[in-house]
Amino acid sequence: KEFAGNCYQLFSSDIENQAVEQIQLENDLFKALQKGNEFELYYQPKFDARTNDLIGMESLIRWNHPELGTLSPGHFIPLAEETGLITLLGEWVIRQACKQMKIWEEAGYTELIISANLSPQQFNQKEIVQVVADILHETDLPPYHLELELTENLIIHNTEQTLKTIGELKGLGIQISIDDFGTGYSSLGYLKDFPVDTLKIDKSFIDDVTTNKKNAAITKTIITLADSLGVNVIAEGVEQAEQAVFLAQHGCHWIQGFYYSQPLPTKTFERHFLKSYSQ
Ligand code: C2E
Ligand code: CA
Ligand code: CA
Ligand code: CA
């Protein structure tokens with residue numbers, strides 16, 4: 001009994017500490033958004049699975065917190081979503097990605113596609129299409145350079161409005177991909193209505209794709225599905241050469257993961273993957 005009591009106390013003070021930390025972090029997030037210079041985009045390269053050519057990069061946000069150091073999105077994106085700050089933060093991400101891509105396009109990288117992750121709240125804000133249109137205009141980036149990664153769960157809900165928004169975003173000339181594809185509890189029926197450009201096979205299928213028959217079958221099926229729909233397909237979370245070989249052999253178009261590179265800060269990315277910067 002005494003033991004259980006102690007456990008409970010430990011547990012309750014843990015929860016209190018957590019709550020205090022959350023509130024502190026929420027405050028910091030609010031302040032950081034006003035200052036604007038604590039956030040940074042890292043870029044993870046994407047490659048053609050057959051030729052190994054660089055085809056683009058995914059933008060992944062980091063927060064350089066003055067006391068806590070570099071924070072991964074898992075530490076603050078959920079908080080930004082709960083508090084509604086994600087709208088502002090997400091807008092910063094799209095703007096930053098477009099600014100960076102404009103610089104690279106002017107340096108001669110006219111074929112690369114930069115992607116940004118869009119959270120459901122951000123996608124569902126009324127002004128999202130206008131926000132993206134304004135950013136494209138302001139940064140003077142040709143729209144085909146920008147891709148937005150949406151999660152499947154977002155597409156399942158609120159179908160009519162979602163369809164309209166995706167149509168309008170596509171109308172701007174940008175690309176839409178479905179992130180973490182295969183993990184949502186959805187029927188595939190929506191795919192015939194939604195004008196998406198790319199399916200991104202979730203890492204959970206790729207992890208053991210060379211040893212688990214079921215995940216191999218799912219992966220092959222998604223690739224076939226993409227081909228018959230006439231959309232692109234990319235695998236995320238590729239960590240081993242054997243996975244890359246499997247994916248190339250089965251006709252996966254594009255590929256991304258630690259096997260090729262972690263997400264990198266701008267300068268490091270340029271040095272490693274953009275020839276004209278590496279001299
Ligand atoms: P995601 O969109 O599925 O992004 C992929 C995550 O997996 C990234 O983590 C990336 O660093 C990691 N990753 C990539 N390749 C590998 C690999 O081979 N092995 C392993 N173990 N991991 C790999 P990160 O950067 O921590 O981002 C986590 C999640 O946070 C993202 O998942 C995305 O949902 C969200 N996120 C990141 N940046 C943004 C953003 O700007 N806006 C929004 N709304 N969400 C973001
Ligand atoms: Ca993503
Ligand atoms: Ca993903
Ligand atoms: Ca994932």
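1. A quick definition to start: on a 1 Å grid over the protein atoms alone, a cavity is a set of points where a 1.4 Å probe fits but cannot get out, and a residue lines it if one of its atoms is within 4 Å of a point. Here the largest cavity is lined by Lys 46, Ile 55, Ile 113, Glu 147, Gln 175, Thr 198, Ile 234 and Trp 254.

2. Before going on, some housekeeping. This is a predicted model, in which local features need pLDDT of at least 70 and side-chain atom pairs count only at pLDDT 80 or more, while totals for chains, interfaces and linings use all residues. Residues are numbered from 1 along each chain as its sequence is written, chains are lettered from A and ligands numbered from 1 in the order written, and side-chain values use heavy atoms, leaving out hydrogens and water.

3. The structure has one cavity of 30 Å³ or more.

4. Next, the largest pocket, with about 720 Å³ of space. A pocket is an open set of grid points with protein on both sides within 12 Å along at least five of seven lines. Its lining has 30 residues, and Glu 58, Leu 60, Pro 73, Asn 117 and Asp 179 lie nearest the centre. Strand 2 gives the largest share of that lining, five residues.

5. Now the metal site. Asp 180 (OD), Asp 202 (OD) and Glu 236 (OE) coordinate the calcium ion (ligand 4) at 2.4 to 2.6 Å; donors are N, O and S atoms within 2.8 Å of the metal, or 3.2 Å for Na, K and Ca, and sites may look incomplete because water is not among the atoms. Asp 180 also bridges this ion and the calcium ion (ligand 3), 3.3 Å apart.

6. Finally, ligand 1. A polar contact is a pair of N or O atoms within 3.5 Å; within protein, one must be able to donate a hydrogen and the other to accept it, and residues adjacent in sequence count only if both atoms are side-chain atoms. Polar side-chain atoms lie 2.9 Å from a ligand 1 oxygen for Arg 62 and 3.0 Å from a ligand 1 oxygen for Asn 117.

Definitions and conventions:
Points joined across faces, edges and corners; volume = space filled by probe spheres on them. Helix = DSSP H or I, 4+ residues; strand = E, 2+ residues; numbered from the N terminus.
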